[in-house]
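Have the sequence and the model open while you read.

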Amino acid sequence: MKFALITGITGQDGSYLAELLLQKGYTVHGLVRRNSSTTRLRLDPLFHDKKIYGERLFLHYADLDDVTTIRRILNKTQPDKLYHLAGQSHVGASFDIPESTCQFTAMGTLKLLEIIRDLAKQPKFLHISSSEIFGRPDSGPQNEMTAMRPISPYGVAKTFATQMTRVYRDSFGLFAVNAICYNHESPRRGESFVTRKITRAAAAISLGLEDKLRMGSLDGRRDWGFAPDYVDAMWRMLNQDSPQDYVLATGITHSVEDFLAAAFESVGLNWQDHYQADPRYVRPAEVSNLVGDASRAATELGWKPTTQLAGIVKAMVEHDVHLLAKS
Ligand code: GDP
């Protein structure tokens, strides 16, 4: 039997990863915050499958600062692999709540590494890092060697966690790696992220439920990939013989405006008729020039992204139209 533990299992990536690992024959344990019941929707199909939930999928309550509880869970479940996906993952929100962002994203990762360091049976450990660690880089595309220059509280917290993961690998011999992920989206993306906010609004407006979409700057460019591709790469990373960090990205950027135009066009609407600028969504600082070079992942993991922007927009808009038409 193979055992995996996922922190952040109720999130977009956690839910896709749980499905993938179950398909691969793993028994999957997930850490869940006591108050994350509303977001557990993403696990609903697995929950209601009697052959899965309680048989091969188990959830355990623990916050990332419940060190004793997490140690107990790890001792009991003895995972071979630990995927650490939990944390406050919203860059914009991190300017409003920098302390809790660092508490969970930075210190939470260190606490997990400390627990693993003491275990007799140490799982392979993957930390989900972020392109936000690069901030405003001098050059692009960025790879695993690019200097970290974060410019948001979230980026700073992720830089701490990324570097600490390297320290525990280099100094304490842990199999500990960073998946340096560029933005990755899907129908399961949280509604406060710009892509989902747009596809939800396009769906609602096309169904006559809403009329306006209030947003911040449309100029930002992102390297947007498809979340299921990224969890597949994470699984490959922990099946390597030696620990290595990987950039996961498509290598192509689009502007927020491009995404907006594509989403509205897919439901026969013109975005300019519905867009309203709202300074509340403008950030104190914006990353720029972020585009990833995933050639190490291509060469060593045999990984490449399967879905480009058009496919991502289509999947997300169709999902949101279906969801809103039902309700
Ligand atoms: P991240 O910041 O790259 O992790 O991803 P987001 O999806 O939150 O934001 C992507 C880009 O969209 C950033 O450049 C934001 O400034 C921009 N943006 C513009 N309007 C909005 C908005 O209303 N909400 C969010 N989340 N982002 C917005």
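Helices (H or I, at least four residues) and strands (E, at least two) are DSSP runs, numbered from the N terminus. This is a predicted model, where local features need pLDDT of at least 70, side-chain atom pairs count only at pLDDT 80 or more, and totals for chains, interfaces and linings use all residues. Residues are numbered from 1 along each chain as its sequence is written, and side-chain values use heavy atoms, with hydrogens and water left out.

Six of the six residues in strand 6 are buried, meaning under 20% relative accessible area with a 1.4 Å probe, protein chains only. Side chains in a regular strand alternate between the two faces of the sheet. Here, Ala 176, Asn 178 and Ile 180 are buried on one side, and Val 177, Ala 179 and Cys 181 on the other.

Strand 5, helix 6 (residues 153-172) and strand 6 form a right-handed β-α-β unit: with the strands pointing away from the viewer, the path from the first strand over the helix to the second runs clockwise.

Helix 6 has a neighbour too: its axis and that of helix 5 (residues 98-118) come within 8 Å and cross at roughly 10°. Axes are lines fitted to C-alpha atoms, for helices over the stretch in contact, with angles from 0 to 180 degrees between N-to-C directions. Helix 5 and helix 6 are therefore roughly parallel, the term for angles under 35 degrees.

Note on methods:
Buried means under 20% relative accessible area, exposed over 50%, partly exposed in between (1.4 Å probe, protein chains only). Angles under 35 degrees count as roughly parallel, over 145 as roughly antiparallel, 65 to 115 as roughly perpendicular and the rest as oblique.
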